[in-house]
There are 2 protein chains.
Amino acid sequence: MSAGRVRVVGLGPGPADWRTPEADAALARASDVLGYGPYLDRLSLAASQRRHATDNREEIARARHALALAAEGADVALVSGGDPGIFAMAAALIEAAEGGEPVWRALDIEVLPGVSAMQAAAARLGAPLGHDFCAISLSDNLKPWDVVARRLSCAAEGDFVITIYNPASRARPRRIHDAFALLRSMKAGATPVAFARAIGRADEKLTLTNLSDADPGLADMATLVMIGSSETRWVARDGARPWMLTPRSYGAGR
Amino acid sequence: MSAGRVRVVGLGPGPADWRTPEADAALARASDVLGYGPYLDRLSLAASQRRHATDNREEIARARHALALAAEGADVALVSGGDPGIFAMAAALIEAAEGGEPVWRALDIEVLPGVSAMQAAAARLGAPLGHDFCAISLSDNLKPWDVVARRLSCAAEGDFVITIYNPASRARPRRIHDAFALLRSMKAGATPVAFARAIGRADEKLTLTNLSDADPGLADMATLVMIGSSETRWVARDGARPWMLTPRSYGAGR
């Protein structure tokens, strides 16, 4: 039996032209492809490739399945939206390896990076991440809300651009409202804010607003929320929506 | 005269298999390719494509040049290492458009995202960015050091994983030492730290250490420094360097 392997493959935000050649090569070569069903549906797999679709909430079970298949000699592509390293499957795979069979930790495992949602959103918006920023997942499924709130508070105190992943779901629709209430108590109302939904997909939508006027109800699981620093500003264009810019210099416009 | 355009093209960390098909298409189509000389040297350009190599410190001049060429009808690829949106050329281009000729703000301009250095480093390390993180440029060329220090302090206070871009250069070799001194006063000495140098290139090098033992002198302009949160840990493997993991859950190991 040949030694198996696992590649944790970043699919990027959706379109094939945002996926790296490295990721495509790993997908083409894999004997087994595991992932959230809708992600697998977007790929062109050969009939000979085994397809294992799972629910999005079963990350550890999927990771364990990937490792077990590789231990039997399979060439496994474990797919992940965006970049597997950013709030995605890489951590789940390593947690599963850490807590699983000893042989799993001796497998040939690599993480293949991809374009993450914040980068797709930033590209459409102009240059909101042109200076220091942070990324926070608003999900409190796996961490207490007070940790999330402390991080939001420190991010505002440090005047970082703030990108929010997983802002809301059906099970927790209110946390994004709590987050905006906290940020409104610490940051200027005129701070630029953008809701970037499903960037790169057919139903892509951008909403440009500011911290005072923003409707947190616009955010769902397919939305990345971007909140400026004190330096972030809109730059007007002719015949197009303005750019969101966080300049490279700090305090120059004061 | 046809209307020109500018594409700000993310080359990723170096290797072609980490560059998106969208970026490759923009490079293949461009009449004019502008960028830092060593980046242009890595590309396979046709003899008919005009090549404009500049020094890495002349970002605004290069951006103005790109806009002026496009205003004359050129199809311009303005190349950037990593992701142009993250501490790179997108902000410079928009700043140049904002402060330049009115016609520049009416041009067809798009930013094409790429894999950034922190993602390449994270992929090699395992999953250090599996949970909330921030990215800070240590360059104080364009911002006062007290802003950098405040952000480092807030990032430590918020227990973010901290990624440091531009940790040191010949002109400012000491700031990374100042940063480590500050972080050592606020975070546990056992906090995992990695220096990721030139990831994806022939001279790629990873150094795994911890906050107490780390030698800040290892960092140069080609290095990305990654400093864990209180949750980040090493996961042992057989026959390979350990993984750096920031788990998806918070406080589970306590």
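Helices and strands are runs assigned by DSSP, where a helix has at least four residues and a strand at least two, and they are numbered from the N terminus. In those terms, Asn166(B) has its place in the loop between strand S8 (161–165) and helix H7 (175–184) of chain B. The structure is a predicted model, and the points below go from the chain as a whole to the contact between the two chains, and then to single residues.

**Chain A as a whole**

- Chain A has seven helices and 13 strands, and its C-alpha atoms fill a box of roughly 65 × 40 × 35 Å when the box is taken along the principal axes.
- A compact globule of 254 residues would have a radius of gyration near 18 Å, and the 20 Å found for chain A agrees with that.
- Buried residues make up 54% of the 254 residues in chain A.
- When contacts in chain A between residues at least 6 apart in sequence are considered, 72% of them join residues that are at least 24 apart.

**The nonpolar core**

- In soluble globular proteins, nonpolar side chains tend to be buried together.
- The largest nonpolar core here holds 160 residues, and the members that touch the most other members are Leu78(A), Leu93(A), Leu78(B) and Leu93(B).
- If neighbours within four places in sequence are left aside, the residues in contact with Leu78(A) include Val6(A), Val8(A), Val9(A) and Leu34(A), and also Met89(A) and Leu93(A).
- Helix H4 (residues 89–98) of chain A is largely enclosed by the rest of the structure, because nine of its ten residues are buried; among them are Met89(A), Leu93(A), Ile94(A) and Glu95(A).

**Helix H1 of chain B**

- In helix H1 (residues 21–29) of chain B, the residues Glu22(B), Ala23(B), Ala26(B) and Leu27(B) are buried.
- Seen down the axis of H1(B), these buried residues fall within an arc of 135°, and therefore they line one face of the helix.
- An α-helix has 3.6 residues a turn, so residues three or four places apart point the same way.

**How the two chains are related and meet**

- Chain B is superposed on chain A by a rotation of 180° with 0.0 Å of shift along its axis, and the RMSD is 0.0 Å.
- The two copies are thus related as by a two-fold rotation axis.
- Cys134(B) comes closest to the rotation axis of the residues of chain B, with its C-alpha at 1.9 Å.
- The same surface serves both copies, since 100% of the contact residues of chain B recur in chain A.
- In the contact between the chains, 58 residues of chain B meet 58 residues of chain A.
- The elements of chain B that each supply at least two residues to the side touching chain A include H1, helix H4 (89–98), helix H5 (117–125), strand S7 (133–137) and helix H6 (145–157).
- Sorted by class, the side of chain B that touches chain A has 33 nonpolar, eleven polar and 14 charged residues.

**Tyr250(A), with contacts in both chains**

- Tyr250(A) lies in the segment after strand S13 (243–245) of chain A, and it is buried because 22 other C-beta atoms lie within 10 Å.
- Leaving aside neighbours within four places in sequence, Tyr250(A) is in contact with Glu231(A) and, across in chain B, with Leu142(B), Lys143(B), Pro144(B) and Val147(B).
- Tyr250(A) and His131(A) are 119 residues apart in sequence, while their C-alpha atoms are 8.8 Å apart in space.

**Loop residues of chain B**

- Asn166(B) counts as buried because it has 22 C-beta neighbours inside 10 Å, and, not counting residues up to four places away in sequence, Asn166(B) touches Phe87(B), Ser137(B), Leu138(B), Ser139(B) and Met221(B).
- Phe87(B) sits in the loop between S4 and H4 of chain B, and its phi is near 50°, a positive value in a residue other than glycine.
- Phe87(B) is buried, with 26 other C-beta atoms within 10 Å.
- Ala198(B), in the loop between strand S9 (192–197) and strand S10 (205–210) of chain B, has a positive phi of about 55° although it is not a glycine.
- Ala198(B) is partly exposed, with 17 other C-beta atoms within 10 Å.

Definitions and conventions: Residues are numbered from 1 along each chain as its sequence is written. Chains are lettered from A and ligands numbered from 1 in the order in which they are written. This is a predicted model: local features need pLDDT of at least 70, side-chain atom pairs count only at pLDDT 80 or more; totals for chains, interfaces and linings use all residues. The radius of gyration is taken over C-alpha atoms; the globule rule is 2.2 Å times the number of residues to the power 0.38. A residue is buried if 20 or more other C-beta atoms lie within 10 Å of its own, exposed if 12 or fewer, and partly exposed in between; C-beta atoms are placed from the backbone. Two residues are in contact if their C-beta atoms, placed from the backbone, lie within 7 Å. A nonpolar core is a set of buried Ala, Val, Leu, Ile, Met, Phe, Trp, Tyr and Cys residues joined through C-beta atoms within 7 Å. The arc is that of the directions from the helix axis to the C-beta atoms. Copies are superposed by least squares on the C-alpha atoms of residues with pLDDT of at least 70 in both. Ala, Val, Leu, Ile, Met, Phe, Trp, Tyr, Cys and Pro count as nonpolar, Asp, Glu, Lys and Arg as charged, and the others, Gly among them, as polar.
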